[in-house]
Each structure stands twice: as C-alpha cells, then as structure tokens.
Amino acid sequence: MADDAAGIIVAHGALGCEVRKIASPRPAVRKKKLVRLHAYFERIRPAAFERLDAALRAAGMLANGANPTVRQLEDPGWATMWRARFEPLPVGRFLIVPPWRRVAARDRLSIVIRPGRAFGTGHHPSTFATLNLIEEWCLDRLIGRALDVGTGSGILAIAMRKLGIAQVVAIDVDATALENARENADLNHLARGIRFSAAPLASIRGRFDLITANILSSVLIDMAPRLKAHLRPGGALILAGILKREAASVVDAYRPELRLVRTRIDKAWAALMLER
C-alpha cells in the first residue's frame, strides 16, 4: 500500500517519497508492519495539505490514530558537503577528478568528470572494472577505432582517447547524458577527439577494434547480434553492468562467435572481456 499512497502524494505535487519501517508500540497492530512515508515538497500550503490528508483517509491508507504533520527542512548545504567528499579516485593508470579538484598526478592519466545526471564517475564497481579492462587490453596495442555504447558521462570514451585510440564513437539515447558527456570531453580538451551521437546502435556503420558497453544484462543480451557484427576480427568487446549471477547468461549470448578471455569481479558486479 505504501507505493499506492506515494502515488497519491506525488500526484498532489510531492517531489518524492521515502518509506521507513516503524515498530508499533501496540502489540495488537505490530503484525501489520506499519510504515511511515516521508514526502518532500518544495512547499505545500495548508489547504493543499488538508486535501492530501483527506485523499489518503478516503483511500483507507492512514493507520488508525495517524496524524500527518508538516515540518520545514533547512538545506544543510548538501551540494557543498557532497563536493567536499568527491576525492580524486585512482583507477589503474587513471585518476578521476572533479573539475573543482584538478590535480596533477605523476604516471597517471587524469580524467576530469563533472558529475551530472548521467551514469559514470568511476566509483561504481562496473565502471571501475571497465576502466581497468580497457587499460589492460590497450596495453602495447595500436587501436584505430573504438565504440562506446551507452556512454553516460562519457568517462569510458574519454579514457579510450587518453590511451591513444585514434577514433572514438560514443552513443547514448539519453539527451541529458550526451550533454554531460560533451561537457566532460570539453573539460578534458577532447571535444574534437570523440564523436558523440544519439544515433541508435542499429544505424552505426563499420567495425571497431574495441567496443565497450556498460549497461544492463538484459540490454546486453538483446543487442548481442549487433555488437558482434560491429567487432573486427582480433577485436575486443568489454561488457559491464552485469550482476555476478547474470554473467553466464550474458556470455552465452555472445558465443560461439566470441570467446571469453577475462572476467573481473568487483563486489556483486562482473565485467567481461570477449575477443573475436
């Protein structure tokens, strides 16, 4: 019922809801597993609050004796606190830094990432593992073309250019992600080195020496035929965004054309390197 109640609350203008479990002090209702909903609004007038209270009561969604209340919250400076916690992150030869903490690192390739709504700062295990596998495969190789599918923040495409790959194509269906990716490429002075595009994978032409796709297992399985078709003989495909228990199913979708040469496990996540 909490989800249904949250739907009603959001329909009345809430930015979002948080569900918290509570223990009832009354044994008679303890087994009902009561929860408390915290709904967040930019602002809510008394009349609007009364209408919301009436809607929830009419739907039978308030526990007996429950009295919803309004409390004003003061912003403790979340943005400043969050920025202070974003420390430079070493990942193999790379050093991921936010634009407000640019640092020079000896023997490391600096990648400047402005965190936005797009996925990819290097902190998630799937991105962390993919960056390591990219570095591993690029070692002692001259690579002409690379493709990054679902580029997000652009971090993988930027990493490939930093490692010397001549041409990188980065695609994403999310316009917000592409905007963030282009901004990050500018911050790394690679605006002309990466071709960002909203083109679907089906419209991409040609073959690539290296392809990366850090998405979801179900999507990786669906796009297996196209990714295999775009990989050159001797090329590598690096897949991530895969839970450990899903890795075998993903590998099966790419066999027998490709062979698994490396599996990297970071926490509950798996990253795969396959070669043709």
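Okay, let's start with contacts: in the protein chain, among contacts with a separation of 6 or more, 61% are between residues 24 or more positions apart. By contact I mean heavy atoms within 4.5 Å.

A word on where this comes from. It's a predicted model, so local features need pLDDT of at least 70 and side-chain atom pairs count only at pLDDT 80 or more, while totals for chains, interfaces and linings use all residues. Residues are numbered from 1 along each chain as its sequence is written, and side-chain values use heavy atoms, with hydrogens and water left out.

Now the overall picture. The protein chain has nine helices and 12 strands; these are DSSP runs numbered from the N terminus, helices being H or I with at least four residues and strands E with at least two. Along the principal axes, the C-alpha atoms fill a box of roughly 70 × 45 × 35 Å. Of the 276 residues, 42% count as buried. Buried is under 20% relative accessible area, exposed is over 50%, and partly exposed is in between, with a 1.4 Å probe and protein chains only.

Let's go to helix α1, residues 2–11. Which of its residues are buried? They're Ala 2, Ala 5, Ala 6 and Ile 9. Looking down the axis of α1, those buried residues fall within an arc of 100 degrees, so they line one face of the helix. The arc is that of the directions from the helix axis to the C-beta atoms. As background, an α-helix has 3.6 residues a turn, so residues three or four places apart point the same way. What do the buried residues of α1 pack against? Their partners are β1 (16–21), β2 (35–40) and α2 (46–58). Over on the other side of α1, Asp 3, Asp 4 and Ala 11 are exposed. Just after α1 comes Gly 13, with a positive phi of about 105 degrees.

While we're on α2, have a look at Arg 57, which is found in that helix. Arg 57 counts as partly exposed because its relative accessibility is 40%. Apart from neighbours within four places in sequence, Arg 57 touches Leu 62, Ala 66, Asn 67 and Pro 68.

Next, a sheet. Three strands form an open sheet in the order β3-β4-β5, with mixed pairing. The edge strands, each pairing on one side only, are β3 (89–91) and β5 (109–112). Pairing needs at least two bridges found by DSSP between two strands. β3 and β4 (residues 94–97) pair in the antiparallel sense over three bridges, and Pro 90 has Leu 95 in β4 as its bridge partner. Helix α4 (residues 125–138) lies across β3 and β4, at about 45 degrees to β3. Helix α5 (residues 155–162) lies across β4 and β5, at about 150 degrees to β5. Those angles run from 0 to 180 degrees between N-to-C directions, with axes fitted to C-alpha atoms, for helices over the stretch in contact.

Last stop, the loops. Asp 140, between α4 and β6 (145–149), has a positive phi of about 60 degrees although it isn't a glycine. Asp 140 counts as exposed, at 76% relative accessibility. And Pro 256 sits in the loop between α9 (247–254) and β11 (259–266); the peptide bond from Arg 255 to Pro 256 is cis, with omega near 0 degrees.
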